[in-house]
Amino acid sequence: MCGIVGYVGNKQVVPLIIEGLRKLEYRGYDSAGIAVVDDANHLELRRAEGKLRNLEECIRLNPLDGNYGIGHTRWATHGRPTEENAHPHRDCTGRIVVVHNGIIENYLTLKKQLQEKGHEFKTETDTEIVAHLIEEHIKTDGLSFEESVRKSVQQLKGIFALSIISADDPDKIIAVREGPPVVIGLGDGEFFVASDIPAILQHTRDVFYLGEKEIAILTKDSVRVTDYDGNVVEPKQQRITWDPIMAEKGGFKHFLLKEIYEQPRAVRDTVRGRVSLDTGKVYLDAMDISEEDFRNVRSIKIAACGTSWHAGTAAKYMLEELARIPVEVDYASEFRYRNPVLDESDLLIVISQSGETADTIAAMREAKRAGCKVLAICNVQGSMITREADGTILTHAGPEISVASTKAFTSQIIALYIFALYLGELRGRLSEEQVKKHAQELIELPLKIEEILSEADTIEEMSKEFFRARDFLYLGRGINFPVALEGALKLKEISYIHAEGYPAGEMKHGPNALIDETLPVVVINTREEGNENSELRYEKTHSNIVEVKARDGIIFSILSEGDQMSSLVSDHVIEIPKVSDLLAPILSIVPLQLLAYHIAVRLGCDVDQPRNLAKSVTVE
């Protein structure tokens, strides 16, 4: 959602903050602003509606400079996306400014109380009350800047990440976390605060994440962390291994395309060191869930959102097949509202690329209250989910900048597949030789993905026929169904074309009514030779293709290499290398990602930052 960048040190602060905000554009935003303080302790502020270039133009026409400052890209929640409502926000004196990610639920009550004490508000936002609260405690209670922040945040209800500066307490930034992520960057005579690592990665790799209800006080000389009561907290520092170049486009036109092409590497890195071809042994990262805990699991619940939910749905097939354990998959946003039946014999798996998704965190906490162990699948070490879960399997996708997720999806499925192998072996459902066979397939996957990527020009050519369509239907059966859902999601996210994923077997129960000569129907109909269930599923889905053709629908099929049946009744075919059923989604999704990308580019859409969407949804 909103992006925050702050800096105190000896570098030029304005270009550093602007560049940091540019690195956070992928999060989605509708306005931007910056506040800095100069040598004379004079505070200046610039804000602009729309894209970051508008703020840069504002600064060009009205230059500013300073020794330290904070910047922000805003995603509107309270108040329209206007220059007036853009962050940073000030108090009555204009000496205190605040930037904020999240929602302050009791802001109207606090605003009324402050107005009764003579405070004047200039915006419609919930954020502005924070600056006025701090001002009130300094003026009325005689508290220091730090003490006023500490007292103010204890009055707030909701979730929020804050960065605050005061011109009367120079060379200091105070950062607060209660919900959305806050990362602190550590340098030599300089310190950084940001919403996400890419904003500061070119300046430092040494970071730590603020924990829940923690406050960081940054100066040129040091950074201190306390809880809301002022008790000292020792943060857990970590070194980021991503190269800054990994967060750049690397010659690709868009981050999304770069990240599609990074999938062979992401899969390879996620597999590396976790499955032995020699011994058939599966290794998990160190965690507070024992082998005995895993053996005693009665059922598995999975909670996730968006693309991660699709990965979880694919994992249901893997876990039930390989470990023979029942699995339920929930949207994290619905999980706690249905009052789920949970006990200590259940395992909850939460899946989140960022590790900061608010709904997924809420689901995790609900399960922990019920006594469940929680396993996280996540791409960001040190994120809230990895800190609170009992165990984590890290994906190694590297930074994913484009809002629409691609390599996160494939690496999540790989991590879940490895866990299914581990559980199947541990519970005696898989032999050593069977695990070795699965491991060999995992090792071969990156080359097979590269083979599909080599056909990108063919898919781009096919996009010419489809980009004018206003509706798409995606069909899949069994483990191909979540691929249909994910393929449809990618298209609607970045091209704004309506697309719907549907179980192929449900065509007769409604979707057949939509089919005519203008409707493209994308069918995922792969098969695993020698697998009786796979062959049956293939034949049934082939019948669905014939049904669509009988109604003049346009068929775009994803088929296994050498297909001699469904290819004959399809208008367009992309073949994927032969692979087992359970790993087919890793290959099947790649051409669908490319198709969505090329259609969106032809339509002139902003594929990296689709309208109305944010990369990390840190509010419910």
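1. A residue is called buried when its relative accessible area is under 20%, exposed when over 50%, and partly exposed in between (1.4 Å probe, protein chains only). By that rule helix α4 (residues 128-141) is mostly covered, with 10 of its 14 residues buried. Helices (H or I, at least four residues) and strands (E, at least two) are DSSP runs, numbered from the N terminus.

2. This is a predicted model, in which local features need pLDDT of at least 70 and side-chain atom pairs count only at pLDDT 80 or more, while totals for chains, interfaces and linings use all residues. Residues are numbered from 1 along each chain as its sequence is written, and side-chain values use heavy atoms, with hydrogens and water left out.

3. From first C-alpha to last, α4 reaches 20 Å, close to the 20 Å expected at 1.5 Å a residue; the expected span is 1.5 Å times one less than the number of residues. Its buried residues include Ile129, Leu133 and His137. They pack against β5 (89-90), β6 (96-104), α3 (107-116), α5 (145-153) and β7 (158-166). Just after α4, Gly142 has a positive phi of about 70 degrees.

4. Strands β15 (residues 299-304) and β16 (residues 327-331) pair in parallel over 5 bridges; pairing requires at least two bridges found by DSSP. Ile300 has Val327 in β16 as its bridge partner.

5. Ile300 returns in the largest nonpolar core, of 95 residues, where Ile300, Ile349 and Phe419 have the most contacts. Such a core is a set of buried Ala, Val, Leu, Ile, Met, Phe, Trp, Tyr and Cys residues joined through side-chain atoms within 4.5 Å. Helix α13 (residues 407-426) gives the most to this core, 13 residues. A second, separate core has 30 residues, including Leu21 and Leu52.

6. Elsewhere, an open sheet of 5 strands pairs in parallel, in the order β21-β20-β22-β23-β24. β21 (498-503) and β24 (572-576) are at the edges with a single partner strand each, so one side of each has no neighbour in the sheet. Strands β20 (residues 471-476) and β22 (residues 520-525) are joined by 4 bridges, and Tyr474 stands opposite Val522 in β22.

Terms used. Contact means heavy atoms within 4.5 Å.
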